[in-house]
Amino acid sequence: MTNERNTPLESSTILIVDDHELVGTSLALSLRAEGEDAVYRPAPSAAAVLDAAVRAGTGLVVLDLDLGRDASGTVIDGVQLIPALRGAGWRVLVLSGSSNASRIGSALAAGGFVWVSKNAPFAVLLTAIREARAGRSAMPPGQREHLIELFRRHEAERAEIRAKLGRLTPREREVLGELAAGKRAQAIANQFVVSLPTVRTQVRAVLGKLEVGSQLEAVALYRRIG
């Protein structure tokens, strides 16, 4: 954000990207009532969002992070759109109903200029939009850096967990997956047509490689990376 700070945008265009037409349209109407040049565009796919941005020129995009799924069922992740939007000349105001600090931090680290909660009053959003267009952040001092640091710390932890999971054999990974699904050792033995002692040996190997002392801890690590 360094080269954006205190640099006003030349364009007054506000592009609203949201998968909920009612929300996006209502926000555009409210902004236009305040004299803003706002336009809403739906988000049927990632490609459609980027195409709409290119067609609209440049300015400030109010981007919802959670844009649902496209026609094929693929999740449209607003965070992944930010670098391309920035590359197309847009300044990005991140709008999110999520309170997940790491996810918000990931959006800011990807190039988002400022974050505003979807639950914030309209007046707060309007101020944030006008400040962002002028090159100023409406976020409290240090909050942006704090959120980005939380994201980077979270990613480092995930990388460490993935490295530990990478030590497991394919069967040990399967056993851990079944434990995470709530199955007991005997049920897993029956499923893989092996003896109970075999499964217990595999579980001990899993605990050792993940450097944890219990199945609960192993499952918790597994779930932390989805």
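A: The structure holds zero aromatic pairs. This is a predicted model. Rings do take part in another kind of arrangement, with a charge over the face. The charged end of Arg171 is placed over the ring of Phe192, at 4.1 Å from its centre. Likewise, Arg91 lies over the face of Phe113, and the distance to the ring centre is 5.0 Å.

Strand S6 covers residues 90-96 and strand S7 covers residues 114-117; the two run parallel and are joined by four bridges. Within this pairing, Leu95 has Val116 in S7 as its bridge partner. Between the two strands, the chain passes through helix H4, residues 101-109, and this β-α-β crossover from S6 to S7 is right-handed.

Leu95 also belongs to the surroundings of Asp64, the residue for the close look. Asp64 is part of strand S3, which spans residues 59-64. Its relative accessible area is 2%, and because buried means under 20%, Asp64 counts as buried. Apart from neighbours within four places in sequence, Asp64 is in contact with Val17, Asp18 and Asp19, with Gly78, with Leu95 and Ser96, and with Lys118. For Lys118 there is a further detail: its side chain and the side chain of Asp64 make a polar contact at 2.8 Å.

Taken together, Asp64 is a buried residue in S3, with Leu95 among its contacts, and Leu95 in turn is bridged to Val116 of S7.

Definitions and conventions: Residues are numbered from 1 along each chain as its sequence is written. This is a predicted model: local features need pLDDT of at least 70, side-chain atom pairs count only at pLDDT 80 or more; totals for chains, interfaces and linings use all residues. Side-chain values use heavy atoms; hydrogens and water are left out. Two strands pair if DSSP finds at least two bridges between them. A crossover is right-handed if, with the strands pointing away from the viewer, the path from the first strand over the helix to the second runs clockwise. Buried means under 20% relative accessible area, exposed over 50%, partly exposed in between (1.4 Å probe, protein chains only). A polar contact is a pair of N or O atoms within 3.5 Å; within protein, one must be able to donate a hydrogen and the other to accept it, and residues adjacent in sequence count only if both atoms are side-chain atoms. Contact means heavy atoms within 4.5 Å. Rings of Phe, Tyr and Trp (its six-membered ring) pair if their centres lie within 6.5 Å; planes under 30 degrees apart count as stacked, over 60 as edge-to-face and the rest as tilted. A charge sits over a ring if NZ of Lys or CZ of Arg is within 6 Å of the ring centre and within 35 degrees of the ring normal.
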